[in-house]
Each structure stands twice: as C-alpha cells, then as structure tokens.
Amino acid sequence: MVKIKIQSLYKSFGRHTVLNGIDLDIKQGDSLVILGGSGTGKSVLIKTIIGLITPDSGSIIIDGTDTTCMSSKTRFDIMKKCGFLFQNGALFDSLTVQDNITFFAERLYQLSKSDKQSMAVAKLKSVGLSERILNFYPAELSGGMQKRVALARAICSNPEIIFFDEPTTGLDPIMANIINELIIKVRTELGATTITITHDLNSAAIIANDVALIYQGKIIWYGSKEEMEDADDPYLHQFVHGLTEGPIQYT
Ligand SMILES: Nc1ncnc2c1ncn2[C@@H]1O[C@H](COP(=O)(O)OP(=O)(O)OP(=O)(O)O)[C@@H](O)[C@H]1O
Ligand SMILES: [Mg+2]
C-alpha cells in the first residue's frame, strides 16, 4: 500500500527551481532514505510534504487525501500523523527538555500537566535518556543528547509517518549508530513509515529499506538497498564513492 504519493511536484524560490518534477511513491511501513548533494532540495522536499512549504504545482497524497488543496481541519489531521526531526535538531533554547518534547503534541491534543510529564518521561526512556534531564535546557545537553531529545519530540505523539532530516550529522560514529538503532527501534515500536535524509552512507545502509537519490530537483535513482549495492547507475556510483568526476556537478 502506498502511504505517500508524490506526483509532478514543483517548487521555485524566485527564479531558482528547487523541486523540478518530483515523482515518488512511499510505501506503508517503508524506511526510505533520501540521498543527495548539499542544496539539491532534500529539506525543501520534506518540508513540502508536511506542509511547511507550499508547492507551486503537483500533488502529495497521504493515505488517499491530496494534502496540497485541503482545509485547515484536514491539514491538522494530517499533521497529527507526522513527526519531524529537523536538520540540526532545532530545539527551542528557551524551553526545557520536557516542553521541547511535548511542544507539538500540546498543540495537537488537550494535555494536562501530568500528561505532559508522563509523555516526556516515556519518550525520554524510549530514546535512552534519564528523566533527570526533564528540566534541563538544550544548552545544558551534549550534541548527542540534543539529537535524542529531538528524536523524543519527533515520536511524542506516536506518529504514523516520521521524517528525519540528517539525524546523525555531527555525531561521533558510536553516537551515530545509537541514533540509527533508535530510529529502527521507534519505527518498529510505532509501526511507522519513515523518511530519512542523510549524507551518511553507513547510516543509510543500516536504516534503509529503499533509497532515492535526488539531483537537480528530480529523483534520478530509486531502488531497494540491495539494488543500490549492485547498481551501476553513474550518478549513484559517483555519489556513493564521493567521486569529484562524473555526471553530478556542483555549480
Ligand atoms: N525558504 C526558502 N527561500 C528561498 N530559498 C530557499 C528556501 N528554502 C530553501 N531554499 C533554497 O533551496 C535550495 C535547496 O535547499 P535545501 O535546504 O532543500 O537543500 P538540502 O538538499 O537539504 O541541502 P543540505 O544537504 O545542505 O541540507 C537551496 O539553494 C536553498 O537556498
Ligand atoms: Mg537539508
């Protein structure tokens, strides 16, 4: 079953075309990894899927509903299904760990003070952190702890679809693998469909079922992780081996 169907998605900022006809089907329960060079539109793509950016044209169908032309009520229902780990974590500096974790859930559901606390404690536990840090501020946490708190926020309302934008960037290899394992764990626990953007091929190899490579605003390769290992596509080959020579050019 297709959970998210993206058809002919276009988005430009001024004269700069970022999404140039994206077509992508994301299966229910899939773990899709999106690869692509810096500035190719990966973050714009997932922000467009969750409605933070409005596309110029094209459609995004989630569970059979076209989200690009819907009422705010339907949009609210779609938002309830989604969790998002922003690039760089994006915790709110002035809010405690607890308030960061429940920030979006509070806006989607009626929560009492004790609901908020028990929710935050449960999610901290899911990401392997102690409730001792509930009242800490982000500046009092290490980078790896901040990523885990951001992960706790992404899973706070038990979403059906979770987006991870570069979850392991800037972490040491062990912490990166702890995050990779947590992503697999939360996906399994929640039965969620996950879409992860990463530059980290080790992370992609661990968490992906399927892989999409984006270049110049289009999906130029799509396949399973196993197909990726055997593929002889010149774009994929260049990206995976980090070659400076090849069809992918930085302008
Ligand atoms: N709100 C915006 N207004 C104008 N331009 C934008 C906006 N958001 C993104 N862009 C532009 O869109 C392009 C793609 O940005 P995006 O953040 O999607 O890249 P990315 O693939 O996620 O890169 P990275 O791997 O470095 O995070 C960039 O050139 C960026 O400047
Ligand atoms: Mg990005």
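Predicted model: local features only at pLDDT ≥ 70, side-chain atom pairs only at ≥ 80, totals over all residues.

Student: Fine. What's the strand order in the sheet of 6 strands?

Tutor: That open sheet runs β6-β7-β8-β3-β9-β10, and its pairing is mixed. The edge strands are β6 (82-85) and β10 (218-224), each of which pairs on one side only. On average, neighbouring strands are turned by 15° against each other, ignoring direction.

Student: How many bridges join β9 to β10?

Tutor: There are 6, and the two strands run antiparallel, with β9 covering residues 210-215. As an example to find on screen, Leu213 has Trp221 in β10 as its bridge partner.

Student: And which strands of that sheet does α1 touch?

Tutor: α1 packs on the sheet and touches β3 (31-36), β6, β7 (161-165), β8 and β9. The direction of α1 makes about 140° with that of β3. α6 packs on this sheet too, touching β3, β7 and β8, and its direction makes about 170° with that of β7.

Student: OK, now the open sheet of 4 strands. What's the order there?

Tutor: The order is β2-β1-β4-β5, with antiparallel pairing. β2 (16-27) and β5 are at the edges with a single partner strand each, so one side of each has no neighbour in the sheet.

Student: How many bridges hold β1 to β2, and how many join β1 to β4?

Tutor: β1 and β2 are joined by 9 bridges, and Tyr10 stands opposite Asn20 in β2. Between β1 (residues 2-13) and β4 (residues 57-62) there are 5 bridges, with Lys5 opposite Ile61 in β4. Both pairs run antiparallel.

Student: What about β4 and β5?

Tutor: Those two form a hairpin with 2 residues between them. Asp63 sits in the turn and has a positive phi of about 50°. The strands pair over 2 bridges in the antiparallel sense, and Ile62 has Thr65 in β5 as its bridge partner.

Student: Which strands of this sheet does α1 touch?

Tutor: α1 packs on it, touching β1, β2 and β4, and the direction of the helix makes about 120° with that of β1.

Student: Then is α1 mostly covered or mostly open?

Tutor: Mostly covered: 7 of the 8 residues in α1 (residues 42-49) are buried. They are Lys42, Ser43, Val44, Leu45, Ile46, Thr48 and Ile49. After the helix comes Gly51, which has a positive phi near 90°.

Student: Switching to helix pairs. At what angle do α3 and α4 cross?

Tutor: The axes of α3 (residues 97-108) and α4 (residues 113-126) cross at roughly 110° and come within 9 Å. The two helices are therefore roughly perpendicular to each other. Among the residues that meet are Val97, Ile101 and Ala105 in α3 and Met119, Ala120 and Leu124 in α4. By class, the contact has 6 nonpolar, 3 polar and 4 charged residues.

Student: And α5 with α6?

Tutor: α5 (residues 143-154) and α6 (residues 173-190) pack at about 10°, with axes 10 Å apart. That angle makes α5 roughly parallel to α6. Gly144, Lys147, Arg148 and Leu151 in α5 meet Met175, Ile178, Ile179 and Leu182 in α6. That contact has 5 nonpolar, 1 polar and 2 charged residues.

Student: Which residues touch the most other members in the largest nonpolar core?

Tutor: Leu35, Ile101, Leu124, Ile133 and Val149, out of 44 residues in that core. Leaving aside neighbours within four places in sequence, Val149 is in contact with Leu91, Val97, Ile101, Leu124, Leu129, Ile133 and Leu141. Another core of 29 residues lies apart from that one, and its members include Ile6, Val18, Ile26 and Ile195.

Student: Last one: is Ala192 buried or exposed?

Tutor: Ala192 is buried, with a relative accessible area of 1%. You'll find it in the loop between α6 and β8 (193-197). Not counting residues up to four places away in sequence, Ala192 touches Gly29, Asp30, Pro159, Glu160, Ile162 and Arg187.

Notes:
Residues numbered from 1 in each chain as written. Chains lettered and ligands numbered in written order. Heavy atoms only, no water. Core = buried A, V, L, I, M, F, W, Y, C linked by side-chain atoms within 4.5 Å. Buried < 20%, exposed > 50% of the residue type's maximum accessible area, 1.4 Å probe, protein only. Contact = heavy atoms within 4.5 Å. Axes fitted to C-alpha atoms, helices over the stretch in contact; angles between N-to-C directions. Parallel < 35°, antiparallel > 145°, perpendicular 65-115°, else oblique. Nonpolar A, V, L, I, M, F, W, Y, C, P; charged D, E, K, R; others polar. Pairing = 2+ DSSP bridges.
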